[in-house]
Amino acid sequence: MTAGTRHGIALTLDGLGVSFGGFRAVDEVNLTVADGELRVLLGANGAGKTTLMDLISGRTRASRGRVHLHDTEITNWPEHRIARAGLGRKFQIPSVFRELTVRRNLEVAAFRAPSVRANLGFGLDAAGRRRVDEVLELTGLAQETETVAGFLSHGQTQWLELGLLVVRSPRVILLDEPTAGMTQAETLKTARIINDLKGSHTLLVVEHDMAFVREIATQITVLHLGRVLAEGTVAEIETNADVRAAYLGTKGIG
Ligand SMILES: Nc1ncnc2c1ncn2[C@@H]1O[C@H](COP(=O)(O)OP(=O)(O)OP(=O)(O)O)[C@@H](O)[C@H]1O
């Protein structure tokens, strides 16, 4: 794909792959995610989902293929440079400052200059403060602005973590199992937050919980043995014979 044909596409993977000692963990993956789209990555254990996210975010170097963030090729850039180019990734392990309040956490994340300046007490500009308020609403943490992050519940901590990403307005957000360890109520609330992000943000979400996937997904890409096995809507994927066959012998899809 040339730059001219990439209009409206936020993330493009062309023949992306990596081998570990001859084993192709990710093999010739082609994927395009449109601006404002939410794409779910599904696959059994070992299918290559985490490795694919690692290749996109620069944690692992690709052996083959290319990654574009909009028109910029970011293949094998260092992780921090990819992050600066607008790729945000949320891991399962939170990185919030546990001793700071919810609002302060978001202010520090929103402050684009080195955090030292924020720590010295320089404030955010009006646009930055508005963005923090928006993210507090979006993540349902508006009642917790003065709560010290270390006192938040597991679900609230995960929503704050998501807020820390969103407040920086990344062009593409990667989420790795955002509902891991959550109660059913927390999972539903996470679905609402993610649905609110759709349209204004581009998201690629790895998730196993099919009930959650049904709540959020419009398009699903299924990985199997490092390759794209199928792509389609939730209904198409749930009735796809190849997907059913690939999940045989595992606990099954859904
Ligand atoms: N650094 C590495 N060295 C060797 N093999 C690796 C490495 N990283 C991943 N693999 C292998 O690549 C395959 C894909 O792993 P990956 O973690 O990406 O799968 P996954 O779909 O994320 O699975 P899960 O749902 O269990 O997290 C697995 O067989 C794994 O053992």
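The chat below covers the ligand site and then the domains.

Q: What kind of model is this?
A: It is a predicted model: local features need pLDDT of at least 70, side-chain atom pairs count only at pLDDT 80 or more, and totals for chains, interfaces and linings use all residues. Residues are numbered from 1 along each chain as its sequence is written, and side-chain values use heavy atoms, with hydrogens and water left out.

Q: Which residues are around the ligand?
A: Phe 20, Phe 23, Ala 25, Ala 44, Asn 45, Gly 46, Ala 47, Gly 48, Lys 49, Thr 50, Thr 51 and His 208, each with a heavy atom within 4 Å of the ligand.

Q: And which element gives the largest share of that shell?
A: α1 (49-57), with 3 residues; helices here are DSSP runs of H or I, at least four residues, and strands are E runs of at least two, numbered from the N terminus.

Q: Where are the polar contacts?
A: With N or O atoms paired within 3.5 Å, a backbone atom of Gly 46 sits 2.8 Å from a ligand oxygen, and a backbone N or O atom of Gly 48 sits 2.9 Å from one. A polar side-chain atom of Asn 45 is 3.3 Å from a ligand oxygen.

Q: Switching topic, how is the chain divided?
A: Into domain 1 (1-86 + 171-254) and domain 2 (98-169), with bounds from an automatic or database domain assignment. Their C-alpha centres are 26 Å apart.

Conventions:
A polar contact is a pair of N or O atoms within 3.5 Å; within protein, one must be able to donate a hydrogen and the other to accept it, and residues adjacent in sequence count only if both atoms are side-chain atoms.
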